[in-house]
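Me: I have a new structure open and want to get my bearings. Can we go through it bit by bit?

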Amino acid sequence: MDVILFGPPGAGKGTQAKLLVETLAIPQISTGDMMRAERASGSALGKKFDEYMNQGLLVPDDLVLELFAQRLRRPDAAEGAIFDGFPRTVPQAEALDAKLGELGRRVDRVIVLEVPLDLIIERVTGRRVCLSCGQTYHVRYSPPPPSGECSSCGANDVVQRADDTEEKVRTRDAGYHRETLPILAHYEPTGVVAKIDGVGTIEEITARVLGALQRS
Ligand code: AMP
């Protein structure tokens with residue numbers, strides 16, 4: 001099964017994707033996590049990503065698509081994947097469809113997490129992330145361990161992302177409306193789009209996501 005978790009930055013896509021990995025037994029493909037890992041490695045490619053990410057701007061499609069194509073070829077994604085933060089532009093969606101098509105697959109479900117901007121700002125500014133494994137925390141709702149070590153992978157790499165400030169969130173949200181939302185019009189005719197309320201506890205939202213998947 002190939003599922004896109006869709007919604008504005010800070011809607012909870014990463015949190016839900018990590019929970020779905022176990023239930024669906026398919027991997028999460030998060031281009032944002034992959035770019036942060038590349039950046040942390042200090043590579044030339046990582047430095048290029050950094051220029052865009054730090055400003056809250058989208059990384060150009062050609063760079064994203066190369067990264068994505070390599071990831072989709074890995075054996076763990078042979079039966080499907082949960083796409084989180086990808087695709088983010090219509091050309092990325094078209095490239096995803098083409099790559100899946102080559103494998104005899106298609107996007108089975110696009111789950112849209114709907115969350116108002118004021119709540120997104122509260123979620124994102126309190127967010128902390130492990131740069132090693134992508135595990136997320138929130139200073140109020142799910143605080144990172146006081147030791148500073150990630151409860152998921154043990155690395156001492158839990159930080160506030162440089163793009164998780166209110167100003168950058170507003171920039172990213174504007175980019176979402178301008179460049180990412182048109183993807184829905186691309187998928188709506190195929191009947192795969194399901195919109196769900198992204199406000200509530202993590203568990204409540206997981207139940208809604210699973211409900212939307214069962215309806216497919
Ligand atoms: P995320 O972790 O998904 O919120 O992504 C963080 C940042 O990485 C974004 O604001 C973009 O700068 C970049 N990024 C991640 N995924 C993509 C993508 N599919 N297309 C373009 N830029 C991306």
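Me: Which residues in H9 are buried?
Reply: In H9, the buried ones are Ile205, Thr206, Val209, Gly211, Ala212 and Leu213. Buried means under 20% relative accessible area, exposed means over 50%, and partly exposed is in between, with a 1.4 Å probe and protein chains only. Keep in mind that this is a predicted model: local features need pLDDT of at least 70, side-chain atom pairs count only at pLDDT 80 or more, and totals for chains, interfaces and linings use all residues. Residues are numbered from 1 along each chain as its sequence is written, and side-chain values use heavy atoms, with hydrogens and water left out.

Me: What covers those buried residues of H9?
Reply: The cover includes strands S1 (2–6), S4 (109–114) and S8 (193–197). It also includes helices H1 (13–24) and H6 (117–125). Helices (H or I, at least four residues) and strands (E, at least two) are DSSP runs, numbered from the N terminus.

Me: How many residues does H9 have, and how far does it reach?
Reply: H9 spans residues 202–214, which is 13 residues. From first C-alpha to last it reaches 18 Å, close to the 18 Å expected at 1.5 Å a residue. The expected span is 1.5 Å times one less than the number of residues.

Me: Switching to helix pairs. At what angle do H2 and H4 cross?
Reply: Roughly 100 degrees, for H2 (residues 31–40) and H4 (residues 61–72). Their axes come within 11 Å. Axes are lines fitted to C-alpha atoms, for helices over the stretch in contact, and angles run from 0 to 180 degrees between N-to-C directions.

Me: Are H2 and H4 roughly parallel or roughly perpendicular?
Reply: H2 and H4 are roughly perpendicular to each other. The cut-offs: under 35 degrees is roughly parallel, over 145 roughly antiparallel, 65 to 115 roughly perpendicular, and the rest oblique.

Me: Which residues meet there?
Reply: Thr31, Met34 and Met35 in H2 meet Val64, Leu67 and Arg71 in H4. Contact means heavy atoms within 4.5 Å. By class, the contact of H2 with H4 has four nonpolar, one polar and one charged residues. Ala, Val, Leu, Ile, Met, Phe, Trp, Tyr, Cys and Pro count as nonpolar, Asp, Glu, Lys and Arg as charged, and the others, Gly among them, as polar.

Me: And how do H4 and H5 cross?
Reply: The axes of H4 and H5 (residues 90–102) come within 11 Å and cross at roughly 25 degrees. H4 and H5 are therefore roughly parallel. From H4, the contact takes in Asp61, Val64, Leu65, Phe68, Ala69 and Leu72. From H5 come Pro91, Gln92, Ala95, Leu96, Lys99 and Leu100. The contact of H4 with H5 has nine nonpolar, one polar and two charged residues.

Me: What about H6 and H7, what angle there?
Reply: H6 and H7 (residues 166–180) cross at roughly 130 degrees, with axes that come within 10 Å. That makes H6 oblique to H7. On the H6 side, the contact is made by Leu117, Ile120, Ile121, Val124 and Thr125. On the H7 side, Glu166, Val169, Arg170, Arg172 and Asp173 take part.

Me: New topic, the loops. Where is Asp164, and is Asp164 buried or exposed?
Reply: Asp164 is in the loop between S7 (158–159) and H7. Asp164 is buried, with a relative accessible area of 0%. Leaving aside neighbours within four places in sequence, Asp164 is in contact with Val124, Thr125, Arg127, Val169 and Arg172.

Me: Which peptide bond is cis?
Reply: The one from Phe86 to Pro87, with omega near -5 degrees. Pro87 sits in the loop between S3 (81–84) and H5.

Me: What is phi of Ala25?
Reply: Near 55 degrees, a positive value in a residue other than glycine. Most residues other than glycine have a negative phi, and most peptide bonds are trans. Ala25 lies in the loop between H1 and S2 (28–30). Ala25 is exposed, with a relative accessible area of 65%.

Me: Is Ile26 buried or exposed?
Reply: Ile26 is buried, at 6% relative accessible area. Ile26 is also found in the loop between H1 and S2.
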